[in-house]
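Please look over the sequence and the model first.

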Amino acid sequence: MRKYLLGALMLTAIIILSACSSSSGTKVEDIKNNGKIVVATESEFAPFEFKTLINGKDELVGADIELAKAIGDKLGVEVEFSVMSFNNVLASLQSGKADIAIAGISVTDERKNIYDFSDSYYESENVVIIKKTNLNTYTSISSLSKQSIGAQKGSIQETTAKDQFQDSSIVSLTSNGEMINELKSGQLQAVVLEKAIAEGYIAQNDDLTLANFSLKSDGTDAYAVAVSKGSDELLEQINQVITEVKSSGKFDQWLAKASTYTQVDSSDDSSE
């Protein structure tokens, strides 16, 4: 009986310790002691985060990248970007591989059960891209019935596509660039993307355009910085930065500057 009681007590202690550990969050003091903040992001989400050629070298640029740098400046530390596929970005917080995640992340009730989020820094809108030659063919959600529609794996756009195109075949792909290539080749008939990202691809592909119909908004179309649960002090610092860059117009300036860059292929980026 004593053995069972001791085992039960040990199990209870482990559960309590695990709960404390998981709720302790990321400490500002630890980040400062490390001298850097590790930021999980992706590299195919222009104008927020993507790669471009600067002086012959691949450089990670975009409005989210500048926001991460501003957070690093606020904390007085270097910024280390960990680039991965979008569906691994949030998971990197749970595994402790990253301190914060910035990658055009929409806030949902499901995600809030696992992560904490900053104030929103950008209000997004989901749209549908099609080939120009199909502009008069795909004029509504129902007109894409039985057709193949692309969306990024693990994204809000994937959820939107599945919810609103229930009579279509939803193809979930890791890379936005891959989706665009499949759209151009005819393997996909449409792609669901955030409007700013969609406009970037259309600017670089004169055979593509926005469909002439709108998608319903479910209220989750706002981007925020994600952190592990319990990172209250870190969130306070991040929110101060967001308030400043929004009120000063800096974030809009970063978006405008990012739109002048040409995105390069990042398909070789490793996922974590």
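At the start of α8, which backbone nitrogen does a side-chain oxygen of Ser175 reach? In this predicted model, the Ser175 oxygen comes to within 3.2 Å of the backbone nitrogen of Gly177.

**Helix α8**
- Helix α8 spans residues 176–185, and its buried residues are Asn176, Gly177, Met179, Ile180, Glu182 and Leu183.
- Gly186 follows α8 and has a positive phi, near 95°.

**Nonpolar cores**
- The largest nonpolar core has 44 residues.
- Phe48, Leu67, Ile71, Ile100 and Phe251 have the most contacts inside this core.
- A second, separate core has 15 residues, including Leu93, Ala101, Ala103 and Tyr115.
- Leaving aside residues up to four places away in sequence, Ile100 touches several residues, among them Ile37, Ile71, Leu93, Val225 and Ile238.

**Salt bridges**
- The count of salt bridges is eight.
- Lys184 pairs with Asp207, with the closest N and O atoms 2.9 Å apart.
- This pair links distant parts of the chain, since Lys184 is in helix α8 and Asp207 is in the loop between α9 and β13, 23 residues apart.
- Lys184 counts as partly exposed at 28% relative accessibility, and Asp207 is partly exposed at 25%.
- Lys69 and Glu66 form a salt bridge at 3.7 Å, N to O.
- Both Lys69 and Glu66 lie in helix α3, three residues apart, about one turn of the helix.
- Lys250 and Glu244 also meet in a salt bridge, at 3.7 Å from N to O.
- Lys250 is partly exposed at 36%, and Glu244 is partly exposed at 35%.

Terms used
Residues numbered from 1 in each chain as written. Predicted model: local features only at pLDDT ≥ 70, side-chain atom pairs only at ≥ 80, totals over all residues. Heavy atoms only, no water. Core = buried A, V, L, I, M, F, W, Y, C linked by side-chain atoms within 4.5 Å. Buried < 20%, exposed > 50% of the residue type's maximum accessible area, 1.4 Å probe, protein only. Contact = heavy atoms within 4.5 Å. Helix = DSSP H or I, 4+ residues; strand = E, 2+ residues; numbered from the N terminus. Polar contact = N/O pair within 3.5 Å; in protein donor to acceptor, adjacent residues only side chain to side chain. Salt bridge = Lys/Arg side-chain N within 4 Å of Asp/Glu carboxyl O.
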